[in-house]
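Then we'll walk through it piece by piece.

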Amino acid sequence: MLKFVLKNQNKFLFLAIIAILIGVFVYVGDSEFGGADGHAEKYITEANPDYKPWFSNIWEPPGAEIESLLFALQAAFGAGVVCYVLGYYRGKKAVKRLR
């Protein structure tokens with residue numbers, strides 16, 4: 001059994017991450033948390049009550065903490081891509097030096 005778990009470790013980690021995300025969505029539900037977006041929206045409606053937004057969201061997260069979580073995941077994914085690319089080119093350069 002341990003051999004199977006170690007062989008499929010990445011799959012188990014991915015499934016654990018997905019389970020945690022789903023658990024957060026279900027457990028937290030509606031939450032109160034204000035950020036810069038809310039303050040900007042409030043100021044815009046005070047400054048110009050006739051303002052109409054250009055577009056609306058396709059999906060609204062159930063709470064602000066969920067929105068923050070999704071933003072953090074997006075930032076982590078972007079950082080992972082950037083670090084992968086930098087590491088790839090650094091490794092490519094190191095292989096050229098060895099040849």
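## How two helices meet

At what angle do H2 and helix H4 pack, and how far apart are their axes? Keep in mind that this is a predicted model. In it, H2 and H4 (residues 64-98) pack at an angle of about 160°, and their axes lie 10 Å apart. Angles over 145 degrees count as roughly antiparallel, so H2 and H4 are roughly antiparallel to each other. The crossing where H2 passes H4 is left-handed.

Val 24 sits in helix H2, and its C-alpha atom is 7.7 Å from that of Ile 66, although 42 residues separate Val 24 and Ile 66 along the chain.

## A nonpolar patch on the surface

Now turn to the outside. Phe 4, Phe 12, Phe 14, Leu 15, Ile 18, Ile 22 and Val 26 make up a nonpolar patch on the surface. Together they have about 720 Å² of accessible area.

Which helix gives the most to this patch? That's helix H2 (residues 9-28), with six residues. One of the patch residues is Ile 18, which is found in helix H2. Ile 18 has a relative accessible area of 32%, so Ile 18 is partly exposed. To join a patch, a residue needs over 30% relative accessible area.

## The whole chain

How much of the chain is buried? Of its 99 residues, 8% are buried. As for the surface, the chain exposes about 9400 Å².

How values were computed. Residues are numbered from 1 along each chain as its sequence is written. This is a predicted model: local features need pLDDT of at least 70, side-chain atom pairs count only at pLDDT 80 or more; totals for chains, interfaces and linings use all residues. Side-chain values use heavy atoms; hydrogens and water are left out. Patches are made of residues with over 30% relative accessible area and no salt bridge: like charges are joined within 9 Å, nonpolar side chains (Val, Leu, Ile, Met, Phe, Trp, Tyr) within 5 Å. Accessible areas come from the Shrake-Rupley method with a 1.4 Å probe; for residues, only the protein chains shown count as cover. A salt bridge is a side-chain nitrogen of Lys or Arg within 4 Å of a carboxyl oxygen of Asp or Glu. Helices (H or I, at least four residues) and strands (E, at least two) are DSSP runs, numbered from the N terminus. Buried means under 20% relative accessible area, exposed over 50%, partly exposed in between (1.4 Å probe, protein chains only). Axes are lines fitted to C-alpha atoms, for helices over the stretch in contact, and angles run from 0 to 180 degrees between N-to-C directions. Angles under 35 degrees count as roughly parallel, over 145 as roughly antiparallel, 65 to 115 as roughly perpendicular and the rest as oblique. A crossing is left-handed if the near helix is turned anticlockwise from the far one by less than a right angle, and right-handed if clockwise.
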